[in-house]
Each structure stands twice: as structure tokens, then as C-alpha cells.
Amino acid sequence: MNFDNFILVKHPLISHKLTFIRDEKTSKKEFKELVDEVAMLMAYEITRDFPLEEVTIKTPICETKSNILSGKKVALVPILRAGLGMVDGILKLIPSARVGHIGLYRDEKTLKPVSYYFKIPSDTDNREFILIDPMLATGGSASAAVDMLKKAGAKSIKFMCLIAAPEGVEKLCSSHPDVKVYAAALDEKLNEKGYIVPGLGDAGDRLFGTK
């Protein structure tokens with residue numbers, strides 16, 4: 001995919017764990033744990049450009065200068081419900097992050113996103129928003145969620161997913177060229193029902209044990 005704002009996060013551990021996430025034999029418990037772990041690993045890449053500032057501290061040995069995160073605070077915004085499965089992994093690295101929620105579902109006939117819930121931190125100007133959904137399929141829900149964040153005043157937004165389809169990447173990256181899109185894998189295509197191939201099935205069902 002030739003988009004400057006699309007980043008494929010490549011790492012041996014991510015590739016290894018993603019294999020078991022895809023496997024239909026993986027249990028609900030293992031699936032949740034693996035999604036959590038991959039989200040945490042991806043968070044290293046997604047925070048790579050966070051600014052630092054120098055501070056003075058005192059170690060048990062002497063006084064020294066060191067770095068801490070500077071700039072905007074972080075807000076994690078999972079797209080309900082499947083996005084919830086990735087939040088805990090990121091919070092392990094950024095425990096101070098606030099968590100908002102966007103409720104969207106895809107109409108099975110039209111494949112268009114339908115909104116039913118929206119709640120994010122009010123100080124949007126001072127936040128780095130990380131929008132989270134395990135799958136970037138048609139891109140409709142992700143694009144709609146970004147629209148909602150921007151309408152609420154968010155200025156800095158990144159999108160994070162496990163698996164993306166080319167159709168979804170094209171939709172999101174072209175609709176929002178100012179939003180960096182991070183994925184652990186870029187799959188082949190969408191099928192006639194709008195599911196990613198080979199994908200991993202329905203992420204929400206596999207996370208929460210529903211069908």
C-alpha cells in the first residue's frame with residue numbers, strides 16, 4: 001500500500017503471536033491474552049515519536065539528568081466492542097492514559113457504520129488520541145470514528161489495528177491523510193460479506209465468547 005500515513009509494524013514476536021491469534025483452535029482465554037500482548041508490543045512503535053524533555057533527578061549514587069515524556073497526554077479510544085480487547089495491553093505501558101469509547105456497529109446489509117455511543121475526555125486539545133480496533137476491514141467504521149473525534153475537537157489522532165485489508169487502508173488513509181494508521185498485518189482482501197481474508201474471524205465474538 002503506497003500511503004505515507006500507513007505503517008506496517010513488523011516484529012518477530014508480533015508475527016509469531018499473530019499466527020496463534022488467527023488460528024481457529026486458539027481458546028477464548030488464549031486469544032484475549034495474545035491480543036493483549038500484541039497491542040502492548042505495537043504500542044512501542046506507535047509511541048516512537050512521542051517527545052521527551054530533560055529533567056534532573058537524584059539516583060542513590062548522584063544527581064543526573066534524564067528524560068521523561070513531554071507534550072500531550074494520551075487518550076485511548078477503543079471502537080466498541082472489539083477494541084476493548086486491546087486497551088489493557090497499551091495501559092500496561094501508559095497507565096496514565098485516559099480511556100474513551102466510541103460505539104459503532106456495521107450494518108450487515110449496507111456495511112455502513114451506525115453510531116450508538118460516544119464518550120471521550122473533554123480536554124481534546126491537550127490529548128494524543130489513539131483510536132483502537134482489531135480489524136480495519138472496509139474502513140467505514142474507522143473513518144466515521146475519526147470524523148467523530150475531529151468534530152469533538154481532537155487535533156492529533158492515530159489509528160491502531162491488528163489486521164488490515166487493502167480496501168480499509170485505502171479508505172481510511174485517503175479520507176484522513178493526517179492520521180497515521182498502524183497495523184500488525186496487511187491481508188489479501190475482503191470477501192463478499194466484508195470480512196478480511198484470511199483474517200481471524202469476528203474479533204468481538206472471539207474475545208467475548210459470543211456468536
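**A friendly note on this predicted model**

1. Let me start with Lys158, which counts as buried because its relative accessibility is 4%, below the 20% cut-off used for that label. Please keep in mind that this is a predicted model. Lys158 sits in strand β10, which runs over residues 156-164.

2. What does the side chain of Lys158 meet there? One of its polar atoms lies 2.7 Å from the backbone oxygen of Ile46. Setting aside neighbours within four places in sequence, the contacts of Lys158 include Ile46, Asp49 and Phe50, then Glu128, Phe129, Ile130 and Leu131, and also Val179, Lys180 and Tyr182.

3. Beyond neighbours within four places in sequence, Lys171 touches Thr138, Gly139, Gly140 and Ser143. The C-alpha atom of Lys171 is 9.5 Å from that of Ala137, although 34 residues separate the two along the chain.

4. Do check the peptide geometry at two places. Most peptide bonds are trans. The bond from Leu80 to Arg81 is cis, with omega near 0°, and Arg81 falls in the loop between β4 (73-80) and α3 (87-93). The bond from Val197 to Pro198 is also cis, again with omega near 0°; Pro198 is in the loop linking β13 (196-197) and α6 (203-208).

5. Now for the chain as a whole. The protein chain holds six helices and 13 strands. Along the principal axes, the C-alpha trace spans about 65 × 40 × 35 Å.

6. How much of the chain is buried? Buried residues account for 46% of the 211. Of the contacts between residues at least 6 apart in sequence, 65% join residues at least 24 apart.

7. Last, the surface and charges. The accessible surface is about 11,300 Å², and carbon and sulfur atoms contribute 53% of that. There are 30 positive and 28 negative side chains, with the centres of the two sets 3 Å apart.

Conventions:
Residues are numbered from 1 along each chain as its sequence is written. This is a predicted model: local features need pLDDT of at least 70, side-chain atom pairs count only at pLDDT 80 or more; totals for chains, interfaces and linings use all residues. Side-chain values use heavy atoms; hydrogens and water are left out. Helices (H or I, at least four residues) and strands (E, at least two) are DSSP runs, numbered from the N terminus. Buried means under 20% relative accessible area, exposed over 50%, partly exposed in between (1.4 Å probe, protein chains only). Contact means heavy atoms within 4.5 Å. Accessible areas come from the Shrake-Rupley method with a 1.4 Å probe; for residues, only the protein chains shown count as cover. Lys and Arg count as positive and Asp and Glu as negative; His and the chain ends are not counted. The place of a charge is taken as NZ of Lys, CZ of Arg, CG of Asp or CD of Glu. A polar contact is a pair of N or O atoms within 3.5 Å; within protein, one must be able to donate a hydrogen and the other to accept it, and residues adjacent in sequence count only if both atoms are side-chain atoms.
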